[in-house]
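Visitor: Hi, could you walk me through this one? I'd like to go piece by piece and ask as we go.

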Amino acid sequence: MLELNHITKIYNAGQITETCLFNDFSLNFHDGDFVSVVGSNGSGKTSLLNIICGTIPIDGGAVLLDGKDISEMPEYARYRQIGRVYQNPAMGSCPDLTIAENMALADCKGKRYGLQRGVNGKRLAHYRELLSTLGLGLENKLDIPVGSLSGGQRQAMSLLMATMTPIRFLILDEHTAALDPKTAETIMELTDRIVKQKHLTAIMVTHNLRYAVEYGNRMLMLHKGEIVLEKAAEEKAATRVSDLLSLFNEISVECGN
């Protein structure tokens with residue numbers, strides 16, 4: 001289980017622009033959870049992901065993994081158990097390297113690098129097999145630079161690469177936001193399939209309220225660093241997009257927007 005215990009996060013401490021985003025914030029993620037996180041800009045969604053991944057430090061509290069405090073664990077060490085897919089498809093791959101070379105890099109995540117060929121020829125069949133599951137024909141394009149692919153193809157590859165090695169957590173940072181509607185649907189279906197097949201704990205930040213309602217077993221809405229809505233299991237299944245929109249509107253009115 002992943003626990004955020006009494007987290008405090010302050011931006012620009014000691015400056016006139018000082019902002020306390022999280023104040024005594026606590027949240028637990030159980031193994032196998034698929035949690036959708038929604039909220040307006042500045043609500044703390046991406047900061048939440050960055051705290052989990054160790055991208056930004058916390059100013060109080062603790063991040064616990066199976067009861068062990070990992071608050072001081074560096075980001076690279078956490079990524080041995082975490083895969084992350086970003087909003088920008090370009091952030092999950094190297095454009096100047098071929099598909100095979102990108103797959104090889106992902107395949108070696110967490111391993112020691114030696115003086116050997118970048119791509120192990122014995123692994124090419126495995127890469128083709130994995131790519132074929134995407135249904136995009138990429139298994140026949142291993143020698144093509146990734147930079148020549150469409151955004152949807154790159155995001156599908158990024159999702160695949162993020163989950164190639166044994167991980168426990170999949171962090172999805174608005175990973176469909178930059179895609180056209182049809183491609184976004186494909187990526188969401190692929191995401192759901194991978195999470196279920198690999199029994200991952202997934203945390204997905206999204207602005208798409210329909211995806212938040214339709215996917216996963218838990219849903220959170222954040223506002224100014226606080227959880228203003230949490231639904232799980234049957235209660236989440238009964239939630240409609242209109243319910244979320246109503247709450248967004250109430251918050252907007254309270255904020256004077």
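Visitor: Good to know. Which strands make that hairpin, and over how many bridges do they pair?

Guide: Strand β9 (residues 218–223) and strand β10 (residues 226–232) pair over six bridges, in the antiparallel sense. M221 has L229 in β10 as its bridge partner.

Visitor: And which residue takes a positive phi in that hairpin?

Guide: K224 does, with a phi near 50°; the hairpin of β9 and β10 has two residues between the strands. There is also a positive phi just after α1, where G54 takes about 85°.

Visitor: Since you mention α1, how many of its residues are buried?

Guide: Eight of the nine residues in α1 (residues 45–53) are buried, so the helix is mostly covered, with buried meaning under 20% relative accessible area. Among the buried ones are K45, N50 and C53.

Visitor: Okay, back to confidence. Where is it lowest, and where is it highest?

Guide: Helix α9 (residues 241–254) is lowest, at a mean of 79, while strand β8 (residues 201–205) is highest, at 98. The chain averages a pLDDT of 91, and 94% of the residues score at least 70. Where pLDDT is low, the predicted coordinates should not be read in detail.

Visitor: Now the core. Which residues have the most contacts inside the largest one?

Guide: Those are I99, M103, L131, M157 and L170, in a nonpolar core of 36 residues. The elements that each supply at least two residues of this core are α3, α4 (124–132), α5 (151–162), β7 (169–173), α6 (181–198) and β8.

Visitor: What does M103 touch?

Guide: Leaving out residues up to four places away in sequence, M103 touches Y127, L130, L131, M157, L160, M161 and M164. A second, separate core has 27 residues, including L2, I7, I51 and Y79.

Visitor: Switching to sheets: what is the strand order in the open sheet of four strands?

Guide: The order is β2-β1-β4-β5, and the pairing is antiparallel. β2 (19–29) and β5 (68–69) are the edge strands, each pairing on one side only.

Visitor: How many bridges link β4 and β5?

Guide: Two bridges, with β4 (residues 60–65) and β5 in the antiparallel sense. L64 stands opposite D69 in β5.

Visitor: How many aromatic pairs are there?

Guide: The structure holds two. F22 and F25 have ring centres 4.7 Å apart and planes at 45°, so that pair is tilted. Both F22 and F25 are buried. The rings of Y211 and Y215 have centres 6.0 Å apart and planes at 75°, so this pair is edge-to-face.

Visitor: Are Y211 and Y215 buried or exposed?

Guide: Y211 and Y215 are both buried.

Visitor: Last one: where is N88 found?

Guide: N88 sits in the loop between β6 (82–85) and α3 (99–107). Its relative accessible area is 39%, so N88 counts as partly exposed. The side chain of N88 reaches the backbone nitrogen of A90 at 3.0 Å.

Visitor: And how far apart are N88 and D173?

Guide: In sequence they are 85 residues apart, and in space N88 and D173 are 9.2 Å apart, C-alpha to C-alpha.

How values were computed: Residues numbered from 1 in each chain as written. Predicted model: local features only at pLDDT ≥ 70, side-chain atom pairs only at ≥ 80, totals over all residues. Heavy atoms only, no water. Buried < 20%, exposed > 50% of the residue type's maximum accessible area, 1.4 Å probe, protein only. Polar contact = N/O pair within 3.5 Å; in protein donor to acceptor, adjacent residues only side chain to side chain. pLDDT = per-residue confidence, 0-100. Core = buried A, V, L, I, M, F, W, Y, C linked by side-chain atoms within 4.5 Å. Contact = heavy atoms within 4.5 Å. Pairing = 2+ DSSP bridges. Phe/Tyr/Trp six-rings, centres within 6.5 Å; stacked < 30°, edge-to-face > 60°.
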